[in-house]
Number of protein chains: 2
Amino acid sequence: MKVVIIGAVACGTKTACRLKRLRPDTEIVVIDKDEYISYGGCGMPYYLTGDVSDIDELRRTGFEALRTPKFFYEAKGFEVLTRVEATEIDRKKKRVKIKYLDTGKTDYLEYDKLVIATGSTPKKPPFPGVDLDGVFTLSNLHDAIKIKERLVAGKVKNPLVIGAGFIGLEVVESFGESWELPVTLLEYFPQVLPRLIDKELSRIIVNRLREKGVQIKLNARIKEIVGENGKVKGVRTEDGFYPADLVLLATGVRPNSELAKKAGLLVSPFTGGIVVNERMQTSDPDIYAGGDCVEVTHLVTGKRMVMPQGSLANRQGRVIATNIAGGHARFKGTVGAFILKCYDMAIGGCGLCLETAKAEGFTHARNALNIQHERAHFFSIRCSYYNLIYDFKTGRVLGFQSIGPFTDGTLARVHAISSILPYKPHIEDLIELELAYSPPFNSALDPIHNAAHIAENTMYGRVKFISWDEVLQRLKNKDPELLILDVRTPEEAKEMVKRYENWINFPYEGARFRIKELPKDKDLMLVCSVGTRAYEVYRWLEAEGYTRAWVVEGGVALVRDWGEDIK
Amino acid sequence: MKVVIIGAVACGTKTACRLKRLRPDTEIVVIDKDEYISYGGCGMPYYLTGDVSDIDELRRTGFEALRTPKFFYEAKGFEVLTRVEATEIDRKKKRVKIKYLDTGKTDYLEYDKLVIATGSTPKKPPFPGVDLDGVFTLSNLHDAIKIKERLVAGKVKNPLVIGAGFIGLEVVESFGESWELPVTLLEYFPQVLPRLIDKELSRIIVNRLREKGVQIKLNARIKEIVGENGKVKGVRTEDGFYPADLVLLATGVRPNSELAKKAGLLVSPFTGGIVVNERMQTSDPDIYAGGDCVEVTHLVTGKRMVMPQGSLANRQGRVIATNIAGGHARFKGTVGAFILKCYDMAIGGCGLCLETAKAEGFTHARNALNIQHERAHFFSIRCSYYNLIYDFKTGRVLGFQSIGPFTDGTLARVHAISSILPYKPHIEDLIELELAYSPPFNSALDPIHNAAHIAENTMYGRVKFISWDEVLQRLKNKDPELLILDVRTPEEAKEMVKRYENWINFPYEGARFRIKELPKDKDLMLVCSVGTRAYEVYRWLEAEGYTRAWVVEGGVALVRDWGEDIK
């Protein structure tokens with residue numbers, strides 16, 4: 001059997017290696033336009049930081065072999081042709097027209113099965129100036145090498161990153177933390193990690209980045225990238241000019257599906273991805289496709305989307321190999337699980353964030369925010385945030401996000417939720433999860449349990465939450481109907497009580513004896529450090545017939561981590 | 001409604017707090033024999049280490065309130081009577097006879113609903129000398145305080161721990177690491193964490209503890225604890241004497257179910273636990289029970305067992321409260337998830353280990369061991385071990401264990417597997433899991449995927465494994481049929497090739513061209529660092545008709561972490 005694979009980064013080489021192990025008699029040729037193949041693209045930000053000192057580290061196996069065509073031939077038994085482009089697929093004759101980029105020579109490769117793993121290309125927004133010297137994307141090793149060269153040569157004094165997604169945030173850390181450069185981050189949306197995390201969590205990240213010296217402009221409307229003598233000098237937005245001698249565009253990618261489209265394969269006009277079934281077959285059953293160039297099913301919404309991630313590309317490559325070898329494997333879809341390190345934070349999530357859930361038709365979507373010490377409180381470290389998205393009417397779990405100190409517990413909770421999300425769990429299922437416990441790792445009830453409890457209590461009408469945004473607005477407006485009940489200890493509350501006349505201390509211990517002192521004609525906003533005590537006092541208030549009471553979501557911990565002057 | 005709760009540690013107080021929040025009008029009385037209540041028992045080893053400096057830290061809430069009867073009365077609204085014992089349950093009159101331990105006075109408490117949360121008692125093995133001064137268990141704060149006092153006073157020079165379960169291993173670390181004492185650990189079984197982890201993993205832990213200076217005796221048959229003038233002097237086993245001035249018995253616990261039994265409630269003669277349904281009701285529907293004193297269903301075997309864990313007790317308390325309040329909550333059972341820190345290791349697992357799986361009737365149970373760098377290899381840290389237990393015939397996942405460096409990825413993988421274990425997943429389901437990836441956290445394919453791939457490849461007959469035990473035995477016996485093919489690089493292999501004449505180097509790169517050089521009349525044992533390269537060469541061998549080939553499970557990494565002199 002002859003197999004041709006177009007693309008030799010993640011999905012393509014994975015397919016070839018696995019297929020050769022399953023069917024050593026298969027003849028496989030892998031081609032790639034680039035001379036760099038089979039590299040760990042997700043590691044590029046760490047080449048910039050210096051965690052990865054040599055670019056070849058991103059091309060090595062765990063046992064230190066460099067993944068060159070020679071390696072693949074000698075160890076794995078298949079051929080890799082680099083600097084070779086596939087220009088046409090002739091499905092009738094079952095052959096691929098190729099072009100040797102160095103000589104211009106063309107040739108044909110015949111196939112019984114073909115695999116398209118052509119990856120993605122960074123979106124270049126249509127700003128004037130995107131082609132100036134000093135404007136980069138970070139989509140392959142050439143980019144990484146060029147940026148690192150400038151950094152090492154001391155030519156970068158004020159870098160600027162456009163786009164606050166995964167790569168944007170990782171590279172901001174490289175510039176700001178490892179190179180100690182004053183870095184600017186511009187983002188079109190009013191938050192970082194748009195459509196990935198809720199805005200409450202975004203504000204924590206933005207505040208932390210600002211504390212670290214990053215200049216962040218959200219809602220940035222870029223007019224042009226400004227140059228002088230062909231070199232970038234800065235970025236002009238609707239409301240200002242940001243000087244920069246290096247600009248990184250991290251504004252997403254689009255699937256490389258032109259070749260497939262030209263061959264008459266089904267390509268989605270909506271996502272731009274090649275359409276494949278669960279077996280990763282295109283509309284031509286002899287042609288498979290995988291990696292960044294295909295569209296996949298979102299397992300929460302059921303809709304098709306692109307999800308360019310190295311981990312999915314590897315899994316899809318394995319599925320393709322199994323199926324070509326005559327087995328039966330499937331890739332059912334994605335739950336959009338992600339994890340990233342940004343400065344001292346671990347940020348992760350899966351499923352839908354609140355905004356996306358609503359946009360996808362889950363009109364009753366709500367969030368339940370749990371804040372706690374990562375481990376048992378006597379092993380205290382900084383606060384971690386766990387944000388659960390659920391359907392208020394049905395109790396279905398829709399998504400989850402977490403921010404915590406690197407490297408502790410964020411991965412653990414994202415792993416747990418992303419593992420069960422395909423089973424369409426309900427809040428009750430999360431409450432029933434068994435999650436291992438010991439004080440150096442967590443608390444007796446895991447943060448997942450606590451977030452689910454908040455959701456359940458909300459669904460059963462046992463508590464009502466209000467956002468700090470509304471409370472702060474009314475506090476600022478000196479709203480006469482507003483009364484903040486700070487149920488912390490007098491010591492914890494004294495500063496705020498002194499500052500605002502409608503901020504009173506109503507200590508948690510003993511609160512239940514004093515409920516009747518409280519007015520029924522005011523909006524009582526219950527505040528404590530993270531919400532535990534406020535919830536308890538809410539229950540006493542309700543029992544006494546107080547209907548105008550709310551727990552302020554996230555307590556003082558959240559609003560403080562937003563950088564607000566609340567103590 | 002009047003509710004009486006017997007026991008005020010984890011389940012009892014959780015029940016009371018939640019019930020009071022759901023139904024503030026409930027009259028609740030909680031009684032406990034001890035004066036210390038509502039403490040974090042799992043934190044006691046960390047009081048010994050000094051991570052927890054003050055015993056009261058184990059009794060504090062996250063917001064620094066001390067959980068005393070006064071606190072529960074003022075903040076939570078229920079009464080706690082300490083130093084009060086329940087001596088009898090009169091189910092007809094629906095009342096509990098109580099005894100005030102300080103005065104001897106007796107009284108009755110009437111109930112509409114009763115909750116039994118009487119916990120467990122450490123098993124004291126019937127050795128002569130278990131009551132000597134200096135022999136301790138660690139089951140409540142009194143024990144912890146007494147042991148710490150001796151440590152602080154410098155009265156402990158050579159502590160000895162009997163039992164290598166959770167508490168045993170945690171306390172060994174306290175003595176050995178925090179107090180820098182020469183500590184001895186005696187274990188009846190031939191491994192540590194018996195019936196929790198496989199022996200391959202146990203050997204890694206044993207070796208690591210020995211490197212840390214712990215004296216470990218497995219298969220220990222204790223004859224007596226030896227004393228002098230009423231004070232412990234050491235422990236005598238069948239084959240030796242171990243001097244000790246402090247002996248900690250960590251040999252498990254038994255449920256405190258006598259009171260329930262006396263009241264005619266159903267108590268299992270097999271487990272000793274109180275029998276409850278999913279709603280945590282005993283055989284008397286007005287009496288609930290939870291925590292260490294009940295038996296629960298194991299969700300993999302379907303059998304009833306005791307599982308004394310603080311996290312389960314808390315979850316059960318919540319279930320009981322919801323049900324008493326008129327809701328409907330259930331505790332379906334346990335998957336036996338655990339996690340612990342021991343020196344610089346994180347050790348965790350869930351479900352069944354191989355031995356237990358076989359004992360429980362899964363006669364085709366096998367294990368698939370994956371070893372890898374915790375994170376992407378260019379973020380290399382020490383090796384982590386992931387051991388998956390599965391049914392070779394059906395592919396059903398039965399259990400999982402992991403050892404890795406504290407605190408990285410062990411919790412994440414245990415959380416993921418324990419979350420889906422109730423769904424009765426198959427190997428294929430693990431392969432299809434979506435697990436978030438980024439280089440500072442893991443590799444593109446998660447260790448869970450890789451372990452599942454090994455299991456799948458084994459099930460499909462694509463690889464055969466052999467244990468180091470057998471290989472080392474045959475190597476020692478100079479078995480003429482044995483040939484070890486070290487497929488590492490010449491540099492990696494040279495030391496072993498020099499040492500053994502039937503250990504030859506057959507480098508992975510280029511191996512496929514040289515297959516025919518190999519004899520077909522020998523048992524070819526393929527060795528590399530963790531197994532990746534050996535598997536690939538195995539596939540070439542099979543394609544060439546070699547039937548006498550095996551991959552040595554775990555490679556050099558495993559056997560080296562056992563402390564064997566293999567390089």
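Copies are superposed by least squares on the C-alpha atoms of residues with pLDDT of at least 70 in both. I kept that in mind throughout, since this is a predicted model.

**Entry 1: the two copies**

I laid chain B on chain A. A rotation of 180° does it, with 0.0 Å of shift along the axis and an RMSD of 0.0 Å. The two copies are therefore related as by a two-fold rotation axis. Next I asked which residue of chain B comes closest to the rotation axis. That residue is A412(B), whose C-alpha lies 1.7 Å from the axis. I also compared the contact residues. Of those in chain B, 100% recur in chain A, so the same surface serves both copies.

**Entry 2: the contact between chains**

I looked up the contact itself. In chain B, 73 residues are in contact with 73 residues of chain A. I then listed the elements of chain B that each supply at least two residues to this side. They are the helices α3 (69-76), α8 (310-324), α10 (410-420) and α15 (532-543), along with the strands β21 (338-342) and β22 (345-351). Which element gives the largest share? It is α10(B), with 9 residues.

**Entry 3: domains of chain A**

I moved to chain A and its divisions. Domain 1 covers 2-119 + 254-324, and domain 2 covers 135-251. Domain 3 is 338-459, and domain 4 is 465-561. I took the centres of domains 1 and 2 of chain A over C-alpha atoms, and 30 Å separate them. Where these two domains touch, 11 residues of domain 1 are in contact with 14 residues of domain 2. The domain 1 side has 8 nonpolar residues, 2 polar and 1 charged.

**Entry 4: V135(A)**

V135(A) is found in strand β9 (residues 135-136) of chain A. Is V135(A) buried or exposed? I found 22 C-beta neighbours inside 10 Å, so V135(A) counts as buried. The cut-off for buried is 20 or more. Leaving aside neighbours within four places in sequence, V135(A) is in contact with V130(A), I225(A), V232(A), V247(A) and L249(A). I also checked G50(A), which is 85 residues away along the chain. The two C-alpha atoms are separated by 21 Å.

**Entry 5: a hairpin**

Strands β14 (residues 231-237) and β15 (residues 240-243) of chain A run antiparallel, joined by 4 bridges. A hairpin of 2 residues connects β14(A) to β15(A). I noted one bridge: R236(A) has F241(A), in β15(A), as its partner.

Notes. Residues are numbered from 1 along each chain as its sequence is written. Chains are lettered from A and ligands numbered from 1 in the order in which they are written. This is a predicted model: local features need pLDDT of at least 70, side-chain atom pairs count only at pLDDT 80 or more; totals for chains, interfaces and linings use all residues. Two residues are in contact if their C-beta atoms, placed from the backbone, lie within 7 Å. Domain bounds come from an automatic or database domain assignment. Ala, Val, Leu, Ile, Met, Phe, Trp, Tyr, Cys and Pro count as nonpolar, Asp, Glu, Lys and Arg as charged, and the others, Gly among them, as polar. A residue is buried if 20 or more other C-beta atoms lie within 10 Å of its own, exposed if 12 or fewer, and partly exposed in between; C-beta atoms are placed from the backbone. Two strands pair if DSSP finds at least two bridges between them.
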